[in-house]
Amino acid sequence: MQANGNGKVVKNGLNRRTFLKRGVTFVALSLVSRYMMMQTSPNHDSVFGQASTQAGNNKLLVIVQLTGGNDGLNTVIPYKNGLYYDARPTLAVPDSQVLALDSAAGIGLNPNLKNMKQFFDDGKLAVINGVGYPEANRSHFRSTDIWMSGAPDKVVGTGWIGRYLDHSIQQFHGSSFPAANVQGVLPLTLKGDTVVVPSIQSLESYTFQTDPKFPADRDEQLAVFNAINSPTNSSDSYLKLLSSSGLQAVSSSQDLQTAAAKYTSSVTFPTDPFGQALKLVSQILTSGLGTQVMHVAIGGFDTHANQNTATSNQPTLLSTVDGGLKALYDDLVGHGIADEVSIMTFSEFGRRVRENGSQGTDHGTAAPMFVLGNSVKGGLYGDYPSLTQLDGNGDLVFNVDFRQVYTTVLEDWLAADASTILDRSYTKLGLFK
Amino acid sequence: MAVTFDKTQAAHLLRRAGFGGTQAEIDQLVSLGREGAVNYLVNYEQVDDSAMESGLTAKNYLEPQPGQQLSVAAIQSWWLYRMFYTKRPLVEKMTLFWHDHFATAVSKVNVREYMLNQNKLFRQYALGNFKDLVLSVSKDPAMIIWLDNNTNIKGMPNENYARELMELFTTGIADRITGETNYTEDDVHASGRAFTGWTLRRGEFFFNSAQHDYDSKTFMGQTGTFNGDDIVNILVNRQATAHYISWKLLEWFVYSDPEPELIQDVANVYTSNNFDMRAVVRYILLSDAFASDKAVNANIKNPTEFVTGIVRMLKLTAEPRAFLSSMSLMDQVLFNPPTVAGWDWGLSWINTATLLVRYNAANGVATARGQTPQARNLLTFDPKGFIQGQSATTAEDMVDLFLNALGPLQVADSQRQALVDYLNTGGTFTLTDATIDQKVRGLVHLVMSLPEFQLN
């Protein structure tokens, strides 16, 4: 196998495209059917490689993407370091407002992260400082892909969770929702070679949509859809698969609707889009559909100008994240699954130490990550990046490789073998109880 | 083989050599006859496309807002508009083929102007000479960044481009007919050295002679002080390249796993015409294999074909950005293929998640009344205008009309009957403004949700 980032090259020189064509009589295109195929295909070893058998716990993971490059320095603040105030004449948070996490070290949270501060004090929040990777890329696209794929050195077409799902496929038989993204396009994080992960814009839209002008016509259209996708005597294998996958696409969307309709909650989620997205996350996690990983994003962190005062400014965004995650946590407690869920944040990069001339900050490198949950061992992880020893661009030098965090989550939370997913081993951080 | 070049054959040709078309376009091809129709598509310079070009210019997609850089959505719109409205569909189809073949992603390249210029390069060489195309791609700024040739320097070669040039762009790993291994690691090393110093300066190709390895290299059994040009010349002349390109074009235009004899026939055309893609594609489109039952509807529409086909067949007024989000959820983001190997074709497009998106995109089209706030005037489907002048009045007529317009789609009697019954729900269907706005729109949605509609 060539190490060229070519996602199609599988073992034995058989590429995926060829496999799918050859395997046409076996392959149905839902996860369920792929699982069944794995049981019946004589070649499954060569195709699926080492389908993991060791995975199989019920731990759930919510990944929160702070899109645009969150300013880590104003999120977890070195509030006793004069260099911070020198570099941020208009943007620095006054030390009196910082929510101290470690007063000896002079590290604290942005005042808009009040709930995170409480979680930290309760021992439920891990704050990992200075997370990054070698030769940081400052392009939003590329660095996002690097974080999502877990592969800084090459372009790959799968994500770290997608590969986890591929390796753990036996765990998910029967589920059309082994993982799901809420709102927006499906992130690379969740793309695997064999699993199918949906992106759900809203509960209302994740359905076989019909004309909103004539709602009464819907049942009729659904009945006709089922009729025209019913198995025919056609010998065309493509048609058979298209019909069966189509029927399952619609029926699984109905499963989601049914399960989500049973959802009740005493928690009021914030009315902003992120809060509502998290409500959907909770609805899906609590639905009993077997979903293990959820991905959700909040954008607006690309604060090149007026970082503290613009319409969508960083303090407001942090407050939105803080309030949303508090509601999600409370809802998970209310549903009795808070011990089983961990919530992890990431952003494609942090921002430059020195503010720019527009009261904003430009693309940078290392930044903190949060991991939150009842099963998380709260505290500070990783050394805070030095403000004196910056890289050639005036950016922070990372201390924790993001793949250390992934390895910890994969092995200690999801009980998977991280080295097969990330190509090698990374030192773990001990984030979980 | 004597082929009756009827509407089914003409529609097949228009789907594969383009993105499908209207009944008028199909009738026009039928009237030209098989060879005439293929020549019409292949000799595209003779077709006036000025209406699309001026329409595109008026859209100003490539003029970003003040202070903003050119967006990915802008260059996607620019290309999709061409596909939606061109009268030279084979050019855009080949541009898409080359984009998939020399798959380069904006996620790494980042500079949208480079991506746009690469797209223009693919269009310029759509049916041009393969050797010229490979040479141009080797000097293309987007490709140089994508496969790191800007870091390929004497003494410290970066072999990324050299490897993919063989593995994916010319010979393939193994010969598509004989199965023999096409090159060794030593060949990769030698080729990598030949491309040292092929870099960028001020956004354009620059040969940095100071970083070029002028020493002798042995590549594929030949020894010399090879430069990148020499490597390209050697590679395009390899029998393995003839086999590989022929195989891939056959998979794209005809069907998967083409027979070795067929690959060899096409490879002979490639060689005897000195790598002229126009001759190769013309030969494929006129081949018996192309017209055979085995080929018709043997592929699965990729998302670009799915969307563009709908726009063209239903004569939609469409802003490309109306489709960008759903195309992404169907797993195809133009200018951002997942890897250097391009997109997986065929069944890889289809799963429970992407199918639901296809059905719902179809519903979005069928119910696009244009003036609603949700539609933001991005999309209009006018069913009344569409069926005007047609003699269809009964439910059966209407079903057949759209099975034809969106295909022709060959469906089982039971499927056709279900669609007829849909129109007759609540009383025998009659043609009124009200039934057009409700039932005909619903019918169009359902026809596009047929398994047969996903085929190409």
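Modeller: Let's start with Pro408(B), which sits in the loop between helix 21 (395-405) and helix 22 (413-424) of chain B; helices here are DSSP runs of H or I with at least four residues, numbered from the N terminus. Before going on, this is a predicted model, so local features need pLDDT of at least 70 and side-chain atom pairs pLDDT 80 or more, while totals for chains, interfaces and linings use all residues, and side-chain values use heavy atoms, without hydrogens or water. Residues count from 1 along each chain as its sequence is written, with chains lettered from A and ligands numbered from 1 in the order written.

Back to that proline: the peptide bond joining Gly407(B) to Pro408(B) is cis, with omega at about 5 degrees. Two other loops in chain B hold a non-glycine residue with a positive phi. Asp148(B) has phi at about 65 degrees, and its loop runs between helix 9 (141-146) and helix 10 (160-169). Asn274(B) comes in at about 55 degrees, in the loop between helix 14 (260-272) and helix 15 (277-285). Why flag these? Because most residues other than glycine have a negative phi, and most peptide bonds are trans.

Now for the partner. Chain B puts 62 residues into the contact and chain A 61, where contact means heavy atoms within 4.5 Å. Between them, about 5,100 Å² is buried, with carbon and sulfur atoms giving 62% of it; that's the accessible area (1.4 Å probe) lost on putting the two parts together, summed over both. On the chain B side, Leu347(B), Thr352(B) and Leu356(B) lose the most area to chain A, together 13% of what that side buries.

There are three salt bridges between the chains, each a side-chain nitrogen of Lys or Arg within 4 Å of a carboxyl oxygen of Asp or Glu. One of these pairs Lys439(B) with Asp217(A), with the closest N and O atoms 2.9 Å apart. The elements giving two or more residues to this side of chain B are helix 6 (106-109), helix 10, helix 18 (321-329), helix 19 (352-366), helix 22 and helix 23 (433-448).
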